Structure formats: structure tokens, C-alpha cells
Amino acid sequence: MNQTRVAVIFGGVSSEHEISRLSAASVIRNLSAEKYELSLIGITKKGEWLLFGGDPEKIPDGSWEQDPANRRCMISPDASRRGITVSDGSFVPIDVIFPVLHGKNGEDGTIQGLFELSRIPYVGCGVLASSVCMDKAVTNLLLEQFGIPQAKFIWCYTDDYLENPESIEREIGQKLGFPVFVKPANAGSSVGISKVKKAEDLRAAMLLAAKEDGKLVIEEGIDGREVECAVLGNSRPVASVPGEILPANEFYDYEAKYYDDNSKLCIPAQLDEATTEKLRTTAVRAFRLLGCSGLSRVDFFVRRSDNAVLLNELNTLPGFTAISMYPKLFGAAGIEYGELLDRLISLALEKHGER
């Protein structure tokens, strides 16, 4: 059987660099050695691209970077070649790219643009869907236009806030009240996000978020259950059963997502049939409306007061660590981790073949 040549890209210039390494190690462990010939490309925090041929178990702690056999490389943008150009003059042909990259410079459409120039099939959403879903302000505005229920929100440019913080803080108090969540529009994985319970704590949260991005999003606090739904497919996507998060911290922040074993995942979420179907239908509808393909994890609140389903955000390259929700949700449907990766690669090839 001919092996499919897969380039797995990990790391990246992102606040989620370390999580990318954990996800990539899980993906590499679960890609069949019989089906796939792997090339591993690590991107350091400085933006160096290195072809890594050592032990994948060195990826999670970052020690892969010290491998003396590492060679500088790049994905060739030359569509007539389709592969990896290496600094020693060699060339590695590849059939499909699996970017295990989270956050900026990996999940925001930037690297997807390079893949498009190369004409190499790749796992996940395209340029536009990636950039739209990465930007929480744009996502919220589009969801509002499409009539998909969500928390009330306002957004502003960071420099406008820094110029006149009092005016924007006053608008937040008048339109949203407290508590609110303050978020950088483009960061991902709860980086720079704060829950603010009273007005006097707002400025510190705004300044924290301002360190991460040029736009800020402020959303009303929802007293609700945190529920997530995984979506898989291209033009005919399917949604998993919903899963509920019982976070170790006050909300599902970076620490609770990736490091705190006290966070619990309840799969399937204990919800009535109507709410479950509403979650799954809304997840697929948002996935299609925002132009997603391959995969996304769609996050919701189910408001406790009236059981309303409110969409929070879409993640186009969700975590693939051992405790990540996306693979666990499809695992509950009988699609084991390795088979899920097979399907994602097949979807990438299918999408490329439809062009």
C-alpha cells in the first residue's frame, strides 16, 4: 500500500506554542505508520522553520529544538513542486499538510494562505473562515447578522480605548452591566481573558487584553453551562454529541483547559433532547455560514434561567491533547482518535480535489 506523505507542522509564533507541541505529539502518536510517511516541521517561537527527524517524544517539552540534525526548511510556495525545500538543497515531496497550530500565525488564515499558494491539500479551514473565526469581533458581528443567538457584546479598537478609557468603560457599564468577560479579539484559548465582576476591576482587565491584540471584545456575563460541540466535514458536516465542561477555575481559562486535571468533561452533556438538538443544529449552521471546512469546535452557553442556547465562539483548530474535548466528543460516537485523523486527512484531500 502506498503511504500518504503528510507534513505535520507544530509550534509557531503564538501564545499557544506550548499547547501546539502537546497536540502535535498526540497527533503524531496516533497517525498510522502503515498509512502515512511523516515529515515533521517545527516552528520555534522566533519563527524558525526546522525539519525535525528525531524522537517525537522530544516535542512536548521543547527539547526537539536542540536536535543537531535539525535543518532549516520551508513549504515551497511553488505550486509545481508541492513539498518542503530544505536548507541543504534537498526537497521532500508531500501530499497533504496537517497544521497542528493554535492561535495567531497558525489558526488565523496566515499560514493557510501559504498552503493555498503551494496548492498542497491541508487539514482544516481555509483562509477566510480561519481569519473570521479567529477574530471574535468579526465572528460576533456575523453571527448577529445571521440571527444566531449569543451574549450581548461591544467591541473597540485597543488604541481607541487607550486614548479614552473612561468613555468606553461607561458604555460597557450602561450597555452590558456586570459581570462581563473582557477578551482580546484575536488570541485564542482564553489567553488574556478576564471575568470582571465590578466596575473598579474593569481597567486592569482591559489593559491585560490590550497586550494581546489591537481589538477588544467585551461580552455580558452569562450564568450558564459551558457546552461544546465538535463538527466534522466539508459541505455536509456532522456534529458530535455535545459535551459539558465543569471547569476547575471560575471559567474555562487557559490553565483549566490544558493543565488542571480537576476540570471535568461530561460526555454526553446531560441535557434534554430539544436542547441537544438545538446545539447540534446551531453548530452545523454556524460552521456552514462562516465557511468552515474539515473541523471546528463550537462553544456554547446554555443559560440556566431559560435554557437558551447562546453561541460563544468557533475554534477552527481545537486542541488535540490527551484531555482535549474535540477528539473525546467523536470518541464518544465510536470514532477513535486514529480514525478521526484519517477522516480529517481524507477531507483535506477531498476538498482539494473539488477545486
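I call a residue buried when its relative accessible area is under 20%, exposed when over 50% and partly exposed in between (1.4 Å probe, protein chains only).

**Ground rules**

I am reading a predicted model, where local features need pLDDT of at least 70 and side-chain atom pairs count only at pLDDT 80 or more, while totals for chains, interfaces and linings use all residues. Residues are numbered from 1 along each chain as its sequence is written, and side-chain values use heavy atoms, with hydrogens and water left out.

**Entry: cysteines**

I started with cysteine 229 and found that it is buried, at 1% relative accessible area. How many disulfides does the structure hold? I found zero, taking a disulfide as a pair of cysteine sulfur atoms within 2.5 Å. Cysteine 125 is in no disulfide, and its nearest cysteine sulfur belongs to cysteine 292, 3.9 Å away. Cysteine 125 is buried too, with a relative accessible area of 2%. For cysteine 229, also in no disulfide, the nearest cysteine sulfur is again that of cysteine 292, at 13 Å.

**Entry: a sheet and two helices**

Next I looked up a sheet. My helices (H or I, at least four residues) and strands (E, at least two) are DSSP runs, numbered from the N terminus. Two strands pair if DSSP finds at least two bridges between them. The sheet is open, with four strands in the order β8-β11-β9-β10 and antiparallel pairing. At its edges I found β8 (153–157) and β10 (194–196), each pairing on one side only. Neighbouring strands are turned by 20° against each other on average, direction ignored; axes are lines fitted to C-alpha atoms, for helices over the stretch in contact, and angles run from 0 to 180 degrees between N-to-C directions.

I then followed β9 (residues 180–184), which pairs with β10 in the antiparallel sense over three bridges. Which residue of β10 is the bridge partner of phenylalanine 181? I found lysine 195 there.

Helix α6 (residues 165–175) lies across β8, β9 and β11 and runs at about 170° to β8. Helix α4 (residues 136–146) packs on the sheet and touches β8, β9 and β11 (215–220), its direction making about 50° with that of β11.

**Entry: salt bridges**

I count a salt bridge when a side-chain nitrogen of Lys or Arg is within 4 Å of a carboxyl oxygen of Asp or Glu. That rule gave me 21 salt bridges.

Arginine 71 and aspartate 88 meet in one, at 2.8 Å from N to O. Arginine 71 lies in strand β4 (residues 71–75) and aspartate 88 in the loop between β5 (83–86) and β6 (91–93), so this pair ties together parts 17 residues apart in sequence. Arginine 71 is partly exposed at 31% relative accessibility, and aspartate 88 is partly exposed at 47%.

Glutamate 244 forms a salt bridge with arginine 225, with the closest N and O atoms 2.7 Å apart. Is glutamate 244 buried or exposed? I found it buried, with a relative accessible area of 8%, whereas arginine 225 is partly exposed at 21%.

Within helix α11 (residues 337–353), glutamate 339 and arginine 343 are four residues apart, about one turn of the helix. Their side chains meet in a salt bridge, 2.8 Å from N to O.

Last, I noted a network of salt bridges linking Glu166, Glu169 and Arg203.

Notes:
Contact means heavy atoms within 4.5 Å.
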